[in-house]
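This report walks through one protein model for a reader who has not seen it before. The sequence and structure come first, and the description follows.

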Amino acid sequence: MPGSHTLLLIPALILLLTMVTGLLRALMGPSLQDRMLSVLLLGTGGVGLLLLLAFALAQPALIDVALVLALLAAMTAAALTRRETSDD
């Protein structure tokens, strides 16, 4: 169905735009909290983008990659939080 691919393209572009703005915030963020939130945004947007691609391209392996990315994003948040609390 070619129409379903077009319907998945619009949310994918919105997620990609969100991820680009999150990357800019991660690079320019003045505080660690800004950078941590932007890294979480990149992880969540990446998971959503991979899931959209998995359905659009009919590649179930991308679902596994999205799950691994979700776990890595959670581990990154935990590591950044631990780093912040150990500096006090």
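From the N terminus on, the elements of the chain run α-α-α. In total the secondary structure amounts to 3 helices and 0 strands; helices (H or I, at least four residues) and strands (E, at least two) are DSSP runs, numbered from the N terminus. This is a predicted model, in which local features need pLDDT of at least 70 and side-chain atom pairs count only at pLDDT 80 or more, while totals for chains, interfaces and linings use all residues. Residues are numbered from 1 along each chain as its sequence is written, and side-chain values use heavy atoms, with hydrogens and water left out.

**The chain as a whole**

Of the 88 residues in the chain, 23% are buried. Buried means under 20% relative accessible area, exposed means over 50%, and partly exposed lies in between (1.4 Å probe, protein chains only). The chain exposes about 6,200 Å², and carbon and sulfur atoms supply 76% of that area. Accessible areas come from the Shrake-Rupley method with a 1.4 Å probe; for residues, only the protein chains shown count as cover. Among contacts between residues at least 6 apart in sequence, 52% join residues at least 24 apart, where contact means heavy atoms within 4.5 Å.

Helix α1 covers residues 2–28 and includes L9. L9 also belongs to a nonpolar surface patch of about 790 Å², made together with L13, L16, V20, L23, L24, L27 and M28. Patches are made of residues with over 30% relative accessible area and no salt bridge; like charges are joined within 9 Å, and nonpolar side chains (Val, Leu, Ile, Met, Phe, Trp, Tyr) within 5 Å. A salt bridge is a side-chain nitrogen of Lys or Arg within 4 Å of a carboxyl oxygen of Asp or Glu. L7 is in helix α1 too. Between the C-alpha atoms of L7 and A56 there are 9.4 Å in space and 49 residues in sequence.

**Helix α2 and the residues around it**

Helix α2 (residues 32–57) has 26 residues and reaches 37 Å from its first C-alpha to its last, close to the 38 Å expected at 1.5 Å a residue. The expected span is 1.5 Å times one less than the number of residues. Buried residues in α2 include M36, G43, V47, L52 and A56.

S38 lies in helix α2. Which residues does S38 contact, leaving aside its neighbours within four places in sequence? They are G22, R25 and A26. The side chain of S38 reaches the backbone nitrogen of A26 at 3.4 Å. This is a polar contact, a pair of N or O atoms within 3.5 Å; within protein, one must be able to donate a hydrogen and the other to accept it, and residues adjacent in sequence count only if both atoms are side-chain atoms.

L50 is found in helix α2 as well. Leaving aside its neighbours within four places in sequence, L50 is in contact with L62, V65, A66 and L69. For V65, which lies in helix α3, the C-alpha distance to L50 is 7.5 Å, at 15 residues apart along the chain.

**The loop after α2**

α2 is followed by A58, which is found in the loop between α2 and α3 (61–86). A58 has a positive phi of about 55° although it is not a glycine.

**Accessibility of the residues discussed**

| Residue | Relative accessible area | Class |
|---|---|---|
| S38 | 3% | buried |
| L50 | 17% | buried |
| V65 | 42% | partly exposed |
| L9 | 47% | partly exposed |
| A58 | 61% | exposed |
| L7 | 63% | exposed |
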